[in-house]
Amino acid sequence: MICYSLTGEGLVGDGAFAAGLSKALGASPGELEIHRFPDGETRVRLCTDCAGQSVIFVHDGRDANASALPLYFAAHAARAQGARRVGLVAPYLPYMRQDRSFHAGEAVSARAFAGFLSGCVDWIATVDPHLHRIHSLDEIFAIPALCISAMPAIADWIAAHVTAPVIVGPDAESRQWVDAVAGALAAPGMVLVKNRAGDRQVSVSVPDAQLLRGRSPVILDDIASSGHTLAETAKALRSQGSLPVTCVVVHGLLADGAEAALHAAGVERLVSTNTLAHASNGIDVIPLVARGIQALLEGAGN
Ligand code: R5P
């Protein structure tokens, strides 16, 4: 098995997740070269021959626009070399939040991107994709699509670092993660009510402040992008007299200004998993991802 990191000239990512995954799977790390010509076109080269091998590409979803075509070229090159099976590990699966046409004429990017990836590779694995109006990846992928949950690792982190937690979800779609983690910890959980008026305009209200009494709130969400969902949730909790707030997210996209917004909201600490490299990474999901992929490949006879 060969594991290539989709990183190179013009793309973000340091290949750390791919290197860790390759080691955990006992795969050989493959060398991949991406060159960007002065005119903006891209050349992709698989320097490690993958003939007869099961191939995995690891893609940094923070860079989806720039890396989609290089991924297509890389998968094409792997097949041309005679790869047995080509898979994609996208620890963060981008575009899942655009899961319907919110305004006339808008592309449903989640479906379109899944269709594109289905044409690139034979299987995909990802961690806690944003499943909201789309309930399962099978609805949008034409290839086997594995969802790996980071919640066991998140529950372990909270158990080790937070005394008497209450798990708080900022909005309706976070209920799935709140239920999983609160259940694993036998801790109370609550889901707040969020309204979004724009990319950085979010308001959050707390329906039942009683659960906060004497407990340390841990806001749990799948994604922090602008950081405003977490920031407004933290403000709403603090305005109800809560103890200091910890934020835990699976995918720390953390766009410019996000950390400043969290700091201004009085968030005491922010922890993310390592699906996207960031200074806040404190929870390693590579063992969970490796186990999921091993089961997927064994099931498929690879
Ligand atoms: C959307 O519902 C997601 O679960 C997150 O709550 C959202 O993407 C966070 O975005 P931001 O950090 O920009 O508020």
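Reader: Which strands does helix α6 lie across?

Author: Helix α6, residues 228-239, lies across β9, β13, β14 (246-252) and β15, and runs at about 160° to β13. Contact here means heavy atoms within 4.5 Å. Angles run from 0 to 180 degrees between N-to-C directions, along axes fitted to C-alpha atoms, for helices over the stretch in contact. Helices (H or I, at least four residues) and strands (E, at least two) are DSSP runs numbered from the N terminus. The model is predicted: local features need pLDDT of at least 70 and side-chain atom pairs pLDDT 80 or more, while totals for chains, interfaces and linings use all residues. Residues are numbered from 1 along each chain as its sequence is written, and side-chain values use heavy atoms, without hydrogens and water.

Reader: Which strands does α5 lie across?

Author: Helix α5 lies across β9 (165-169), β10 and β13 (216-224), running at about 170° to β9.

Reader: In what order do the strands of the sheet stand?

Author: Strands of a sheet pair through backbone hydrogen bonds, either parallel or antiparallel. Here six strands form an open sheet in the order β10-β9-β13-β14-β15-β16, with parallel pairing; two strands pair if DSSP finds at least two bridges between them. At the edges stand β10 and β16 (281-283), each of which pairs on one side only. On average, neighbouring strands are turned by 35° against each other, direction ignored.

Reader: How many bridges join β13 to β14, and is β13 buried or exposed?

Author: Six bridges join the parallel strands β13 and β14, and A224 stands opposite G252 in β14. Towards β9, four bridges hold a parallel pair, in which P165 has S216 of β13 as its bridge partner. Nine of the nine residues of β13 are buried, so this strand is largely enclosed by the rest of the structure. Buried means under 20% relative accessible area, exposed over 50%, and partly exposed in between (1.4 Å probe, protein chains only). Strand β15 (residues 269-273) pairs with β16 in the parallel sense over two bridges, and S272 has N281 of β16 as its bridge partner.

Reader: At what angle do the axes of α4 and α5 cross?

Author: Two packed helices are described by the angle between their axes and the distance between the axes. The axes of α4 (residues 151-161) and α5 (residues 175-185) come within 9 Å and cross at roughly 50°. That makes α4 oblique to α5; under 35 degrees counts as roughly parallel, over 145 as roughly antiparallel, 65 to 115 as roughly perpendicular, and the rest as oblique. In the contact, M151, I154, A155, I158 and A159 of α4 meet W177, A180, V181, A184 and L185 of α5. By class, these residues are ten nonpolar, no polar and no charged. Ala, Val, Leu, Ile, Met, Phe, Trp, Tyr, Cys and Pro count as nonpolar, Asp, Glu, Lys and Arg as charged, and the others, Gly among them, as polar.

Reader: Which residues of α2 meet α3?

Author: Helices α2 (residues 64-81) and α3 (residues 109-120) have axes within 9 Å that cross at roughly 20°, and the two are therefore roughly parallel. A64, A68, L71, Y72, A75 and R79 of α2 meet F113, F116, L117, G119 and C120 of α3. This contact has nine nonpolar, one polar and one charged residues.

Reader: Where does A186 lie, and is A186 buried or exposed?

Author: Most residues other than glycine have a negative phi. A186, however, has a positive phi of about 50°; A186 lies in the loop between α5 and β10 (189-191) and is exposed, at 73% relative accessible area.
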